[in-house]
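Hi everyone, thanks for coming.

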Amino acid sequence: MKTCDLLVIGGGIVGLTLAREWLIRHPTSKVVVLEKEANSVSHGTGRNSGVVHSGIYYSEGSLRARLCVSGCQQMLDYVAAHDLWIDRCGKLLVPPSESALESMQRLLDRGRANGVDIHRVTGQEALQLEPRVNPQFDQALFVPITSVVNPKEVAERVRLDVLEAGGVIHYKIPAQSIHSRRGTVQTSIGTFEAGTVINAAGLFADQVAKRAGLQTRYRFQPFKGKYWKHKDPSFQMQRLVYPVPDLNLPFLGVHSAHNQAGDVYFGPSSTPVIGRENYQGLQGISFGDGLSLSAALIAKFVQNTNGLRTLAMRELKLMRMRGVCDELSKILTGIEPGHLEQSLVKVGIRSQIFDSTTQHLVNDFVVVPDGRAIHILNAISPAFTASFAFAKHILDEYQQ
Ligand SMILES: Cc1cc2nc3c(=O)[nH]c(=O)nc-3n(C[C@H](O)[C@H](O)[C@H](O)COP(=O)(O)OP(=O)(O)OC[C@H]3O[C@@H](n4cnc5c(N)ncnc54)[C@H](O)[C@@H]3O)c2cc1C
């Protein structure tokens with residue numbers, strides 16, 4: 001039996017920041033991270049938009065609001081302290097339809113209630129900030145703090161912090177069975193016994209929790225996010241441009257995203273899928289899991305849970321490049337089907353859970369302690385932005 005003080009299951013950004021924070025608090029302790037892949041960026045951590053969100057979207061007092069606002073500042077400080085790449089470009093939110101004007105006011109109020117610097121700008125001011133924007137209702141919102149970083153570079157720096165502080169990361173070693181009360185985890189390299197086990201397994205967190213015997217009312221519902229890349233390498237954008245979202249739907253809408261290499265993408269879509277790692281074709285669909293996810297999905301579609309039928313109809317339009325451009329034309333000008341290609345590498349899947357009691361998609365981070373284990377069950381966006389604050393929160397609240 002191998003022993004340690006903390007064992008983290010999942011070496012993505014959430015697991016890595018937890019291991020780092022623990023080692024800052026307990027420098028002489030023994031910390032082990034188990035990661036089933038060969039690196040830390042195969043899933044959510046390496047497949048997101050790299051946007052450091054400000055915290056405007058989330059209900060006041062929610063964990064997401066609190067941890068996004070403080071996590072945003074901590075991420076900016078970390079990136080500055082380590083001289084990592086950042087574009088402090090700010091973000092414009094443009095109403096894509098007349099009905100979005102009401103949501104725009106709610107978003108402004110929500111952002112201010114969360115303590116974020118957000119203000120209304122005129123169409124003319126929006127065009128000065130980003131000439132490609134389409135301020136069709138002559139107004140928009142601007143959030144100066146929103147930035148873009150390279151999520152793979154951030155994760156790599158945190159990984160090095162963990163190793164330099166004496167932590168051990170085992171790649172290609174999945175956690176198999178877990179005993180929460182004893183704090184034991186079986187793997188192909190032996191059994192670990194830990195004072196605390198943290199399940200940060202992202203798309204598999206609910207399955208890991210289930211294998212540990214945890215019974216909850218939560219079910220998993222993955223959503224795929226596809227991106228379309230602008231083919232012209234000289235095409236640049238000065239700001240992030242997002243639609244004012246439909247606040248009844250759980251996603252932010254198709255927006256612009258750019259990266260360190262200077263590529264400009266548009267996305268992500270929000271397509272419900274039946275495989276946890278179903279990035280392409282039939283990849284990542286397992287028979288039993290696929291069947292139960294399909295059955296649950298059909299039920300949600302029929303009941304239009306969380307506006308899912310509406311969302312699915314909107315997603316259908318994104319199957320055609322013309323549909324993508326029509327969606328984009330509501331917030332940007334001059335983007336035609338011939339300019340774009342669907343990215344085969346930039347595809348992400350959201351680890352979203354669904355509450356079987358309320359019949360709603362869960363809108364906040366969920367943390368469930370059980371014996372020596374702590375399960376992080378809904379590390380949805382903005383868990384990348386929030387990761388440093390999330391790690392502190394979990395250790396403050398749950399570490400015995
Ligand atoms: C399309 C898309 C765009 C997004 N954009 C943004 C954004 O711009 N800004 C933002 O803040 N957030 C964004 N997010 C959200 C963000 O990417 C995630 O919230 C974040 O990456 C979650 O990190 P994680 O460590 O929990 O997940 P992951 O990176 O998925 O890490 C979990 C790890 O656990 C491992 N694992 C699973 N099972 C086991 C096991 N049994 N044993 C060992 N290891 C296991 C997996 O291999 C994986 O590496 C986006 C998400 C998506 C899908």
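A quick word on ground rules. This is a predicted model, where local features need pLDDT of at least 70 and side-chain atom pairs count only at pLDDT 80 or more, while totals for chains, interfaces and linings use all residues. Residues are numbered from 1 along each chain as its sequence is written, and side-chain values use heavy atoms, with hydrogens and water left out.

Now the polar contacts, meaning pairs of N or O atoms within 3.5 Å. Glu 35 places a polar side-chain atom 2.6 Å from a ligand oxygen, and Thr 385 places one 2.7 Å from an oxygen of the ligand. How much of the ligand's accessible area does the protein cover? The answer is 96% of the 1000 Å² that the ligand has on its own, by Shrake-Rupley with a 1.4 Å probe.

Finally, the sheet. It is open, with three strands (DSSP E runs of at least two residues) in the order β13-β20-β21, pairing antiparallel (at least two bridges per pair). β13 (218-220) and β21 (360-361) are at the edges with a single partner strand each, so one side of each has no neighbour in the sheet. Three bridges join β13 to β20, and Tyr 218 has Asp 355 as its bridge partner in β20.

Notes. Helices (H or I, at least four residues) and strands (E, at least two) are DSSP runs, numbered from the N terminus. A polar contact is a pair of N or O atoms within 3.5 Å; within protein, one must be able to donate a hydrogen and the other to accept it, and residues adjacent in sequence count only if both atoms are side-chain atoms.
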